[in-house]
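The following paragraphs lead through a structure and the surroundings of its ligands. Please keep the sequence and the coordinates at hand while reading.

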Amino acid sequence: MFARAAASAALVVTLAAFDGAAAQTASQPPDTMAARVEACTPCHGNKGEGTSDVYFPRLAGKPSGYLYNQLLAFKSGRRKYPPMNYLLEFLTDPYLQQMAEYFADQHPPLPPVAANDASQEVLQRGQLLVSRGDPQRQIPACGSCHGPALTGMEPGIPGLLGLRPNYISAQLGAWRYGTRTAKAPDCMQQVAARLTEEDVTAVAAWLASRQAPVNLAPVPKGTYVLPFACGSEGD
Ligand code: HEC
Ligand code: HEC
């Protein structure tokens, strides 16, 4: 093992003197970001813009802290999707952090809003929950954490636009059934537990029907005060 490493190191030195680029390929594939995310792009798109699969989420432009928390959650099994759980199992935390930053820095345009067959009543119910919540059932407005323009807040709260209704329902369902958990206190679990199936359908349909605002960037940390604490957002 050692002898082989030494031999290939010697080879690299010789080649380097001859041709730097060839030396790199002779030793190992270049560790560029493009090479790292090659395993991810068939499901998430080249710039994290998403694909036609309605359960594969867009990653681009989400807060890097949020994306990093998700990668840690898949790595540790707090969030379950076997292909991702396996893929991340042996990657180091700094490596995950760099991938999170890469996707947070991508800004491909949002896809056009897809046709929606939800009724007016369903859409209205969704709008009400997102913008006002339901105080009687202690459901805060989604916008009170995800932001008035629903673009999220650094470092840990994602925006809710540009997501497909199937993906949103699946995530809210995963929190209700305990297969997705976030850092304690898991505020999203508390919110999702208070929603009925009908609420979930309604918020998912209404959110997916929204046009994106011009500025999709999450607002800076501390721009507004959350109705209750979220572990993902830190202090
Ligand atoms: C086989 C398809 C597939 C591959 C490959 C894949 N993902 Fe995923 N990814 C998914 C699916 C599906 C989800 C949503 C899973 C769920 O239901 O929670 C997801 C979720 C995520 C999330 C959470 C997004 C959010 O908004 O909460 C991140 C971050 C992510 N993936 C990053 C990556 C990275 C980085 C790679 C490459 C190392 C990768 N994924 C490879 C399919 C894939
Ligand atoms: C108390 C604050 C708070 C409230 C209120 C809240 N959320 Fe969240 N939400 C969060 C946080 C924090 C996360 C990120 C959790 C994590 O790290 O996984 C999140 C994540 C999500 C996600 C996952 C997005 C993705 O890309 O996977 C969805 C969907 C979501 N919230 C929908 C809603 C809806 C719908 C409502 C209103 C019914 C709502 N949230 C109300 C704090 C909140």
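Is His 44 buried or exposed? His 44 is buried, because 20 other C-beta atoms lie within 10 Å; a residue counts as buried at 20 or more other C-beta atoms within 10 Å of its own, as exposed at 12 or fewer, and as partly exposed in between, with C-beta atoms placed from the backbone. This is a predicted model, in which local features need pLDDT of at least 70 and side-chain atom pairs count only at pLDDT 80 or more, while totals for chains, interfaces and linings use all residues. Residues are numbered from 1 along each chain as its sequence is written, and chains are lettered from A and ligands numbered from 1 in the order in which they are written.

His 44 belongs to helix 4, helices being DSSP runs of H or I with at least four residues, numbered from the N terminus. Beyond its neighbours within four places in sequence, His 44 is in contact with Gly 50, Phe 56 and Leu 59, where contact requires C-beta atoms, placed from the backbone, within 7 Å.

An unreviewed UniProt entry assigns the feature "binding site" to Cys 40, Cys 43, His 44 and Met 84; such annotations may be inferred rather than shown by experiment. These positions are spread over 45 residues of sequence, yet they cluster in space, with a largest C-alpha distance of 11.6 Å. Cys 40 occupies the loop between helix 3 (33-36) and helix 4, and is partly exposed, because 17 other C-beta atoms lie within 10 Å.

Ligand 1 is surrounded by 21 residues, each with its C-beta atom, placed from the backbone, within 6 Å of the ligand. Cys 40 and Cys 43 are among the closest.

Terms used:
Helices (H or I, at least four residues) and strands (E, at least two) are DSSP runs, numbered from the N terminus. Two residues are in contact if their C-beta atoms, placed from the backbone, lie within 7 Å.
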